[in-house]
Amino acid sequence: MKRSLGWLSLCGWIVAALAATSQAQTVSVDHYQFLPRLSVLNQSGGIGGFDVDFRVMGKFDFTIELGPTDVWPPQHAAKFTNVDAWASHPILAYVLPLDQTLNLSGLTGWQLPVAAPFDVYQFDGTTQDGSSVKLIAAEIGPWLHLRGETTPPPGSADFFTYELKAVARRRPFADFTQDDAVTNADLAKWSSRFGLKTTSLDALDQGDANGDGIADGSDFLEWQRQAGEVAPALASLDAMVDAALATVAAAETASIAAVPEPTTLGLGVCGIAVVLLRRRRR
Ligand SMILES: [Ca+2]
């Protein structure tokens, strides 16, 4: 009886341990802020035949988790959390919440096997109206480049489709003038706000780079670290991501291609040795 109880408790312990390992492990959480000048959500379609560019603004967190541990190499999963971002109509006073139009918080992302000095994630999901969403996110230095689109549910006639091209900067960010560059103008803005608490308005706009509610010395240090920084052009980011994505296909082909067996490898080495010997004799 005692022995069976012991076995039962061991089984319980193993089950608990397995449950614990199957829970996603957070690798990193980065805070980002959209750069509205470089971020556009295009809305097109509908019966009226709309084609409108909305400006994307707001904040979100980018969370990386360890994927399933039973695959090798281990893959990272990504998701958007604490999304407080929207797309603003160029003329009319209305906005599209990104969590609604793209279901940003509901997308699941996987790291792609790119041969590039930065990480690329592919996101998939569905919006509330049944449109499917595909999105690529690339973490290039402090910048997060996002591009993606929606496709309406099959057989639907009156639906909008959306295309996103956006750049976000990791926070803290010392661009207080919101011109995507950290310059003396930002220092002047910070000085004019020094010691003041931020209100419900945008924290950056009030000299608060780290978003702790006050424009103080730590925000000056951020400005000092980032002084001279200019946001990269959208086209150059696009080209980098294109080049990285092109290596995914190559990586997949390489893994499929057979690794030379020791015998064939040995024969190849023998062949080269024979050729070299012949050359030497000549
Ligand atoms: Ca600036």
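Colleague: Starting at the surface: is D51 buried or exposed?

Modeller: D51 is exposed, with a relative accessible area of 59%. The cut-offs are under 20% for buried, over 50% for exposed and in between for partly exposed (1.4 Å probe, protein chains only). This is a predicted model, in which local features need pLDDT of at least 70, side-chain atom pairs count only at pLDDT 80 or more, and totals for chains, interfaces and linings use all residues. Numbering runs from 1 along each chain as its sequence is written, and side-chain values use heavy atoms, leaving out hydrogens and water.

Colleague: Which element holds D51?

Modeller: D51 is in strand β3, which covers residues 50-66. Strands here are DSSP runs of E with at least two residues, helices are runs of H or I with at least four, and both are numbered from the N terminus.

Colleague: Now the metal. Which residues coordinate the calcium ion?

Modeller: D175, D179 and D186 supply OD atoms, T177 supplies OG1 and A181 supplies its O. Donors are N, O and S atoms within 2.8 Å of the metal, or 3.2 Å for Na, K and Ca; water is not among the atoms, so sites may look incomplete.

Colleague: What spacing do the donors follow along the chain?

Modeller: The pattern for the calcium donors is D-x1-T-x1-D-x1-A-x4-D.

Colleague: And D175, buried or exposed?

Modeller: D175 is buried, because its relative accessible area is 2%.

Colleague: Where does Q178 lie?

Modeller: Q178 is in the loop between β10 and α3, and D180 lies in the loop between β10 and α3 as well. Strand β10 covers 160-170 and helix α3 covers 184-193. Q178 counts as partly exposed, since its relative accessibility is 29%. D180 comes out as buried, at 7%.

Colleague: Which residues does the cis peptide bond join?

Modeller: The cis bond joins R171 and P172, with omega of about 5°. P172 has its place in the loop between β10 and α3.

Colleague: Switching to rings. How many aromatic pairs are there?

Modeller: The count is 15 aromatic pairs. Rings of Phe, Tyr and Trp (its six-membered ring) pair if their centres lie within 6.5 Å; planes under 30 degrees apart are stacked, over 60 edge-to-face and the rest tilted. One of the pairs is F62 with Y121, which is edge-to-face at 5.7 Å centre to centre and 75° between the planes.

Colleague: Which strands does that pair link?

Modeller: The pair links distant parts of the chain: F62 sits in strand β3, and Y121 sits in strand β7 (residues 119-126), 59 residues apart. F62 is buried, with a relative accessible area of 0%. Y121 is buried as well, at 1% relative accessibility.

Colleague: What kind of pair do F160 and Y162 form?

Modeller: F160 and Y162 form a tilted pair, 6.5 Å from centre to centre, with 55° between the planes. F160 counts as partly exposed because its relative accessibility is 29%, while Y162 is buried at 12%.

Colleague: Which residues do ring pairs link into a cluster?

Modeller: The cluster consists of Y32, F34, F60, F62, F80, Y121 and F123. The edge-to-face pair of F62 and Y121 has both its residues in that cluster.

Colleague: Last one, Q128. Where does Q128 lie?

Modeller: Q128 is in the loop between β7 and β8, the latter covering 132-140. Q128 counts as exposed, since its relative accessibility is 82%.

Colleague: What is the C-alpha distance from Q128 to D99?

Modeller: The two C-alpha atoms are 10.0 Å apart in space, and Q128 and D99 are 29 residues apart in sequence.
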